[in-house]
Amino acid sequence: MGILTVQGESQATIEIKKSVFICHLKGIDDYDEGLTYVKKIASDYPDARHNCYTFLTHDGRQKFSDNGEPQGTAGVPMTEILKKKEITDVACVVTRYFGGIKLGTGGLAAAYSQAVKEAIGSAEIVEKAKSIVRTIETDYGGYQTIVRATESFGAVVLPPEYGQTVRITFYYPSENDDEWKEKEKQLFSGKVLSIIVEESYKTYKTQR
């Protein structure tokens with residue numbers, strides 16, 4: 001249906017030969033958000049020896065850095081772990097506090113990779129797909145009927161807005177739009193019509 005990404009943020013810490021590696025993962029919407037997140041984490045750990053990072057987006061843009069570690073021992077291994085897990089639209093920063101014992105190039109690559117794996121293991125992985133966002137306004141009597149209809153269709157229903165009427169906002173993958181329009185006709189016979197608010201990437205829970 002779409003791509004895999006991280007919902008919110010995730011963190012993991014490992015220690016190898018007295019060096020501490022702290023990995024932060026965050027789902028992002030675009031390249032600029034990734035850059036901002038990397039700068040934020042680096043500023044949170046100004047006393048660390050290294051703040052290595054990678055971030056990549058579904059449109060193929062990516063950026064990574066070894067941040068002073070030997071070339072190819074941090075940014076690239078971190079990126080490869082995310083790609084193997086098929087996770088994108090994500091920023092990843094691994095902060096290292098040096099413990100005084102050198103790990104060698106192979107040891108460094110393994111350590112940075114393991115830190116990322118640990119953070120992925122504790123993250124909530126969600127699916128992200130290009131989606132249609134719609135709203136429906138109804139009276140209070142029709143609220144439950146519409147919510148049941150949208151949920152049975154597989155749409156994600158957001159908290160309603162209450163006023164003289166109830167406004168229901170929901171979204172589903174864009175590829176299912178024709179199917180929704182047909183279902184809407186069958187259910188409401190043209191008496192209730194939803195309105196498209198936008199088309200954008202949205203997240204869905206996944207069992208992967």
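Predicted model: local features only at pLDDT ≥ 70, side-chain atom pairs only at ≥ 80, totals over all residues.
Ten salt bridges were counted in the structure.

In helix 1, which spans residues 31-44, Asp44 and Lys40 are four residues apart, so about one helical turn separates them. The two residues form a salt bridge, in which the closest N and O atoms are 2.9 Å apart. Asp44 is partly exposed, with a relative accessibility of 43%. Lys40 is likewise partly exposed, at 44%.

A second salt bridge links Asp89 with Lys128, with 2.9 Å between the closest N and O atoms. Asp89 belongs to the loop between helix 2 (75-84) and strand 6 (90-97), whereas Lys128 is part of strand 7 (residues 124-138); the pair therefore ties together parts that lie 39 residues apart in sequence. The relative accessible area of Asp89 is 0%, so this residue is buried. Lys128 also counts as buried, because its relative accessibility of 5% falls under the 20% cut-off.

Lys181 is partly exposed at 36% relative accessibility, while Asp177 is buried at 11%. Both residues belong to one network, in which salt bridges with shared partners join Arg134, Asp177, Asp178 and Lys181.

Note on methods
Residues numbered from 1 in each chain as written. Heavy atoms only, no water. Salt bridge = Lys/Arg side-chain N within 4 Å of Asp/Glu carboxyl O. Helix = DSSP H or I, 4+ residues; strand = E, 2+ residues; numbered from the N terminus. Buried < 20%, exposed > 50% of the residue type's maximum accessible area, 1.4 Å probe, protein only.
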